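Welcome! Here is a short tour for anyone meeting this structure for the first time. Take a look at the display, then read on.

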Amino acid sequence: MISHLSWRTVTAMLFIACSIVACSKNDNKNEIIDPGETSTTVKTGIYKVVNLVADTNATSAGNAVELYYNLEENKVVPASLKQTNKWDIVFYGIYNSSVYPNNGAAVGSPGYGGPGTARIYVVTDRQFDAQYYDVTNFKPISLPIPRELWNTAFNAVKTVPVTDEKMVVRDAGLDHFQNNFDGWGYYDFYGSLFPGDPKKTHVVYALPRVIIVKTVKGHYAKVIIENIYKDNPENPNRDNKPGYVTFRYAIQMDGSKNLDIQ
Amino acid sequence: MKKIYQRLAAVLLIFSACTKTETIPFTPEADNQLLEYKIVNVQGTPIYGAINQADSSVTIYLPFYLQLTILEPELKVSDGATITPASGTMIEDLLDFFRNGRTIKYNVKGKAGNVKGYTLHIQVQQPDLTVKEITTDPANPVTYNIDMKAFFDSFSFTLNGAGFASNLDMIKVVLVDEQNKEYGPLDISQFNTTDLTTLSFSITQYKNMSSAILATLPATGLYKVRIYSYAKVATTQNSIRINLLNK
């Protein structure tokens with residue numbers, strides 16, 4: 001008897017559920033159809049982008065062709081969409097070394113005028129930095145920087161350490177190069193780390209530092225750049241081809257600031 | 001007093017008695033209308049377009065300072081109607097739209113299959129663009145020579161005016177010959193980052209690093225200078241002369 005009753009209840013509930021679904025379908029007449037390719041959003045997780053072709057003809061003489069990236073869909077976005085919310089960060093400027101967030105309110109930034117509200121923040125921990133970096137003169141102590149430090153730095157960031165207001169709308173770029181900002185990479189303009197070696201001038205060395213990104217959709221991600229040279233060489237020189245960005249990122253899609261993602 | 005009220009009541013009754021209920025067949029609202037047009041790829045409040053049902057047009061007023069080169073419209077149409085291009089379809093390369101013009105049309109198809117076409121107009125609220133003459137006496141055009149056989153040669157000139165966009169990506173400068181043919185664009189000097197009333201150009205002949213425009217210019221010619229700055233265009237009245245020596 002009990003089972004009979006519950007069967008009835010289940011049937012009734014199913015019926016009601018079906019009718020609700022039917023109703024909601026009818027209400028969707030005015031839904032906005034996203035034209036073009038269907039976009040698929042990534043799940044919370046860690047993603048690695050290897051040898052992403054930016055501007056392979058880039059030289060140290062001028063700005064490279066910029067590369068727009070959508071972290072939530074894990075894909076490159078054409079430059080014509082720079083004033084839209086279709087991307088989160090751009091690899092901009094010399095050797096694609098300036099990482100700008102998509103922020104339409106930031107005058108002079110690539111997304112200016114558009115709807116973007118992304119922000120970024122470079123995480124620096126001087127105690128950690130001391131392992132590979134002269135924290136007074138802002139340059140690497142010795143090269144190559146051990147690879148495991150990238151894992152350590154990446155895993156050490158378990159949450160967003162600052163409020164949104166502390167995150168910036170300008171670029172994260174080359175470390176203390178013509179500025180006073182901590183950056184993601186060291187640019188050895190004169191080759192001073194390797195005196196007398198002409199193949200070591202104008203070389204960019206990535207540093208094990210995490211960039212926190214608040215995406216245009218409001219999710220948080222941590223990004224770490226491993227290299228801008230092809231095939232991720234540990235100790236690049238002028239023979240290595242720039243314009244191939246290798247980076248890793250973890251994105252939290254549940255809206256929280258939890259970046260302890262495995 | 002009572003009488004007055006009675007009369008008043010009588011009058012009212014007469015009027016109401018005269019009121020006749022007449023049924024006039026109404027024209028149903030068209031089922032193929034564009035009801036809302038807004039540009040959403042901006043900060044904060046979207047930019048709403050003004051829809052004119054009578055002449056089937058939409059006008060959007062774009063602020064100049066945003067320097068938008070792409071628009072993402074979000075559209076609403078009558079219940080059950082469809083629109084092409086669909087809501088969210090980007091309007092790309094606005095600079096080309098301003099400079100060369102193109103028709104942007106939306107077709108709304110109602111339930112019954114009737115189609116209404118809307119034309120999009122874009123009005124940019126941009127300050128006037130003006131240029132000062134390089135040649136002040138038309139009888140004596142300012143002349144620049146460049147020796148195409150020399151190891152290296154170059155000349156440079158400056159265009160002054162007002163209303164130049166602050167972002168050089170929004171600016172294109174060309175030379176215009178007497179047949180109204182355009183040459184260029186000219187390479188704009190990037191060194192000036194503070195003065196919005198001046199643009200400088202340097203034309204160089206040196207091995208394989210020569211300015212691209214030299215390959216297209218004839219040996220001699222008279223050219224007006226034309227500037228496209230975002231949605232506006234201005235051209236000098238008088239011409240300058242450019243001679244490519246030994247070409």
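## Getting oriented

Helices (H or I, at least four residues) and strands (E, at least two) are DSSP runs, numbered from the N terminus. This is a predicted model, in which local features need pLDDT of at least 70, side-chain atom pairs count only at pLDDT 80 or more, and totals for chains, interfaces and linings use all residues. Residues are numbered from 1 along each chain as its sequence is written, while chains are lettered from A and ligands numbered from 1 in the order in which they are written.

Chain A holds three helices and 13 strands. Of its 262 residues, 38% count as buried; a residue is buried if 20 or more other C-beta atoms lie within 10 Å of its own, exposed if 12 or fewer, and partly exposed in between, with C-beta atoms placed from the backbone.

A nonpolar core is a set of buried Ala, Val, Leu, Ile, Met, Phe, Trp, Tyr and Cys residues joined through C-beta atoms within 7 Å. The largest one has 84 residues, and A:Ile212 and A:Val223 are among those with the most contacts inside it. Strand E12 (residues 220–229) of chain A gives the largest share of this core, seven residues. A second, separate core of ten residues includes B:Tyr37 and B:Tyr106.

## Where the chains meet

Two residues are in contact if their C-beta atoms, placed from the backbone, lie within 7 Å. By that rule, 16 residues of chain A touch 22 residues of chain B. The chain A side of this contact has six nonpolar, eight polar and two charged residues. Here Ala, Val, Leu, Ile, Met, Phe, Trp, Tyr, Cys and Pro count as nonpolar, Asp, Glu, Lys and Arg as charged, and the others, Gly among them, as polar.

## Backbone details to look for

Which bond in chain A is cis? The peptide bond joining A:Leu143 and A:Pro144 is cis, with omega about -5°. A:Pro144 sits in the loop between strand E8 (139–140) and helix H3 (148–156) of chain A. In chain B, the bond from B:Thr84 to B:Pro85 is also cis, with omega near -10°, and B:Pro85 lies in the loop between strand E6 (82–84) and helix H2 (94–100).

A:Asn51, in strand E1 (residues 45–53) of chain A, has a positive phi near 50° although it is not glycine. A:Asn51 counts as partly exposed because it has 15 C-beta neighbours inside 10 Å.
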